[in-house]
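Here are a few friendly notes on the salt bridges in this model. Please have a look at the structure first, then read on.

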Amino acid sequence: MDERDIRLLKAISDLGTGSPERLHEETDIPVSTIHYRLNNLREAGIIENDLYDIDLEEVGLGVTVLVELLTDYHGSHHDFEEKILAVEGVSQAYFTMGETDFVVVAHLPDQEMVERLITDLETIEEVRRTNSTFVVSTLRHSTRPLQNYDLETLLAELSDE
């Protein structure tokens with residue numbers, strides 16, 4: 001990636017849009033160049049989709065729960081992870097190192113669904129114990145991590161130039 005690609009990605013994160021016209025206003029990169037570069041970034045797998053962000057509170061999924069899973073599985077974690085991902089409500093799942101084997105994040109509508117989620121996870125044969133944490137207040141829920149960096153930092157760390 002070069003400086004223009006990084007400037008485009010940062011603008012997309014900051015503006016929350018991939019509109020070539022808006023990106024041109026933000027970066028002064030010509031619209032035709034933006035189209036070309038966005039296509040290249042898609043083909044390279046850097047840009048994955050054109051989804052809209054959703055306000056989870058407004059939709060009714062305002063209860064966020066973090067669940068640590070301590071497991072006893074044999075073989076590869078890959079053999080076990082599909083069972084975790086099949087549980088309804090799991091929106092993020094991570095294989096971790098340390099005492100906790102997996103961390104699951106779920107966005108749910110109410111306490112009843114929290115209980116159902118925990119029950120579903122605990123009924124997986126390999127799960128020995130769960131440790132759940134209710135999120136009281138969201139300080140940052142960023143689906144665009146580049147927003148959290150200064151452009152200069154991104155250019156210095158990511159640019160091939």
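Is Glu99 buried or exposed? Glu99 is exposed, at a relative accessible area of 62% (buried is under 20%, exposed over 50%, partly exposed in between, with a 1.4 Å probe and protein chains only).

1. A word on the basis: this is a predicted model, where local features need pLDDT of at least 70, side-chain atom pairs count only at pLDDT 80 or more, and totals for chains, interfaces and linings use all residues. Residues are numbered from 1 along each chain as its sequence is written, and side-chain values use heavy atoms, with hydrogens and water left out.

2. The structure has nine salt bridges (a side-chain nitrogen of Lys or Arg within 4 Å of a carboxyl oxygen of Asp or Glu). Among the residues involved, Asp2, Asp5 and Arg37 are joined in a network.

3. Glu99 pairs with Arg129 in a salt bridge, 3.5 Å from N to O. Glu99 sits in the loop between strand 2 and strand 3, and Arg129 in strand 4, 30 residues apart (strands are DSSP runs of E, at least two residues, and helices of H or I, at least four, numbered from the N terminus). Arg129 is partly exposed, at 42% relative accessibility.

4. Asp72 and Arg128 form a salt bridge at 3.7 Å, N to O. Asp72 lies in the loop between strand 1 and helix 5 and Arg128 in strand 4, so this pair ties together parts 56 residues apart in sequence. Arg128 is exposed at 52%, while Asp72 is partly exposed at 36%.

5. In the salt bridge of Glu126 with Lys83, the closest N and O atoms are 2.8 Å apart. Glu126 is buried, at 15% relative accessibility, whereas Lys83 is partly exposed at 38%.
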